[in-house]
Amino acid sequence: MIRILLIAFITLMLMVTWGIARELTREEALDKQVKSFLDSQRGKWRDMNVPESDGRLLYDLIIKNGYKDALEIGTSTGHSAIWMAWALSKTGGKLITIEIDEGRYNQALANFKAAGLADYIDARLANAHQLVKELPGPFDFVFCDADKGWYKNYFIDIYPKLTIGGCYTAHNVYDTRWARLRGSGTFEFYEYVKNLPDMETTLDSSGNGLSISYKKKP
Ligand SMILES: C[S@@+](CC[C@H](N)C(=O)[O-])C[C@H]1O[C@@H](n2cnc3c(N)ncnc32)[C@H](O)[C@@H]1O
C-alpha cells in the first residue's frame with residue numbers, strides 16, 4: 001500500500017514538474033520570438049513610432065503593476081503595442097489598440113503576427129474619437145499616442161473607465177517654456193491632468209516625453 005502511494009506521489013510530482021517546465025518553455029519561446037522581431041526592426045521604425053526607450057518604459061510600467069486591461073490610442077505600425085502586449089503576455093492581460101489609417105493598421109497586424117503577439121492584441125481600425133467613447137472598459141493601463149489636439153478629450157472620455165490604481169500615460173508631453181508658450185494639445189492635456197486631485201502625475205523625459213498619471217482613491 002505504501003509503495004503504491006509513493007509511486008502515485010512521485011508520478012504526481014513528475015506531472016506537476018513537467019507541466020511547469022512546459023509553461024516556462026512556452027514563455028521562453030515567446031520571449032525569443034519577440035526579441036528577435038524587435039532586433040530585426042531596430043532602427044527601421046518609420047511611422048511616428050515610439051523610440052525603444054519609451055517602449056521599454058511602457059513594458060516596465062505594466063509588469064511592475066501587474067496591469068491586464070490595456071488600451072492604446074494610435075497604433076501606427078505597432079511598435080509601442082508590441083512592447084505593451086509583450087508585458088501583458090506575462091501579466092495575463094490583453095491590449096486593445098486603435099488606428100484610423102488602414103495601411104498602418106494592416107502593417108501593424110502583420111507585425112503583431114511576426115512578433116508572435118497577435119493573441120494578446122485586439123487591433124481596431126476605427127476613429128478613436130468615436131470608439132473611445134463606445135468602449136466599455138474598465139482599463140487599468142492606457143497609452144495615448146494619436147492626434148495631439150484631442151488628448152484632453154480622450155482623457156475625459158476614459159477617466160471614468162480607468163480603475164483606481166490604474167495608470168494613464170500620454171506620449172510627446174513636455175513641460176518646457178516652449179510647450180507652455182505654444183499651448184500645444186499635449187500641454188493642455190498635461191495641465192489638466194496634473195491639476196486633478198485624484199490623479200498623481202509625473203513626467204518621464206528620458207525618451208520622447210511620457211506623462212504618467214496614476215488614479216488614486218478619491
Ligand atoms: C504617433 S503615431 C502612433 C505610434 C505608435 N504608438 C507606435 O509607437 O508605434 C499616431 C497614430 O495615431 C493615428 N491616429 C490619428 N488620429 C487618430 C484617430 N482619430 N483615431 C485613431 N487613430 C488616429 C495616426 O494615424 C497615427 O498612425
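**Ligand shell, core and strand pairing in a predicted model**

Among the 21 residues around the ligand, those that come nearest are Gly74, Ser76, Ser80, Ile100 and Ala128, a residue being near a molecule if its C-beta atom, placed from the backbone, lies within 6 Å of it. The model is predicted, and local features were therefore taken only at pLDDT of at least 70 and side-chain atom pairs only at pLDDT 80 or more, whereas totals for chains, interfaces and linings use all residues. Residues are numbered from 1 along each chain as its sequence is written. At least two residues of the shell around the ligand are supplied by each of α3 (79-91), β2 (94-99) and α5 (128-134); helices (H or I, at least four residues) and strands (E, at least two) are DSSP runs numbered from the N terminus. By residue class, the shell around the ligand comprises six nonpolar, 10 polar and five charged residues, where Ala, Val, Leu, Ile, Met, Phe, Trp, Tyr, Cys and Pro count as nonpolar, Asp, Glu, Lys and Arg as charged, and the others, Gly among them, as polar.

The protein contains eight helices and seven strands, and its C-alpha trace spans about 80 × 40 × 35 Å along the principal axes. Of its 218 residues, 34% count as buried, a residue being buried if 20 or more other C-beta atoms lie within 10 Å of its own, exposed if 12 or fewer, and partly exposed in between, with C-beta atoms placed from the backbone. Of the contacts in the protein with a separation of 6 or more, 71% are accounted for by residues 24 or more positions apart; two residues are in contact if their C-beta atoms, placed from the backbone, lie within 7 Å.

In soluble globular proteins, nonpolar side chains tend to be buried together. The largest nonpolar core in this model has 48 residues, and those with the most contacts inside it are Ile62, Ala70, Met84, Ala85, Leu95 and Val142; such a core is a set of buried Ala, Val, Leu, Ile, Met, Phe, Trp, Tyr and Cys residues joined through C-beta atoms within 7 Å. The element that gives the most to this core is α3, with eight residues. When neighbours within four places in sequence are left aside, Ala70 is in contact with Ile62, Met84, Leu88, Gly93, Leu95, Phe139 and Phe141.

Strand pairing, defined by at least two DSSP bridges between two strands, was examined next. Strands β2 and β3 (residues 121-125) run parallel and are joined by five bridges, with Ile96 standing opposite Asp122 in β3. Between these two strands the chain passes through helix α4 (residues 102-115), and the resulting β-α-β crossover is right-handed, in the sense that, with the strands pointing away from the viewer, the path from the first strand over the helix to the second runs clockwise. Strand β4 (139-144) is mostly covered, six of its six residues being buried. Four bridges join β4 to strand β1 (residues 69-73) in a parallel arrangement, and within this pairing Ile73 has Cys144 as its bridge partner. Strand β4 also pairs with β5 in the parallel sense, over five bridges, and here Phe143 stands opposite Thr169. Together with helix α6 (residues 151-158), β4 and β5 make a right-handed β-α-β unit.

Most residues other than glycine have a negative phi, and most peptide bonds are trans. The bond from Gly137 to Pro138 is cis, with omega near -5°, and Pro138 lies in the loop between α5 and β4. Although it is not a glycine, Met48 has a positive phi of about 60°; Met48 is found in the loop between α1 (2-41) and α2 (52-65) and counts as partly exposed, with 14 C-beta neighbours inside 10 Å. Asn172 likewise has a positive phi, near 60°, but this residue, placed in the loop between β5 (162-171) and α7 (177-182), is buried, with 21 other C-beta atoms within 10 Å.

Leu162, in strand β5, is buried, with 23 other C-beta atoms within 10 Å, and its C-alpha atom is separated by 5.8 Å from that of Pro138, 24 residues apart along the chain. Not counting residues up to four places away in sequence, Leu162 touches Phe139, Val142, Tyr168 and Lys215. Glu134, in helix α5, is exposed, with 8 other C-beta atoms within 10 Å, and a distance of 52 Å separates the C-alpha atoms of Glu134 and Phe9, which are 125 residues apart along the chain.
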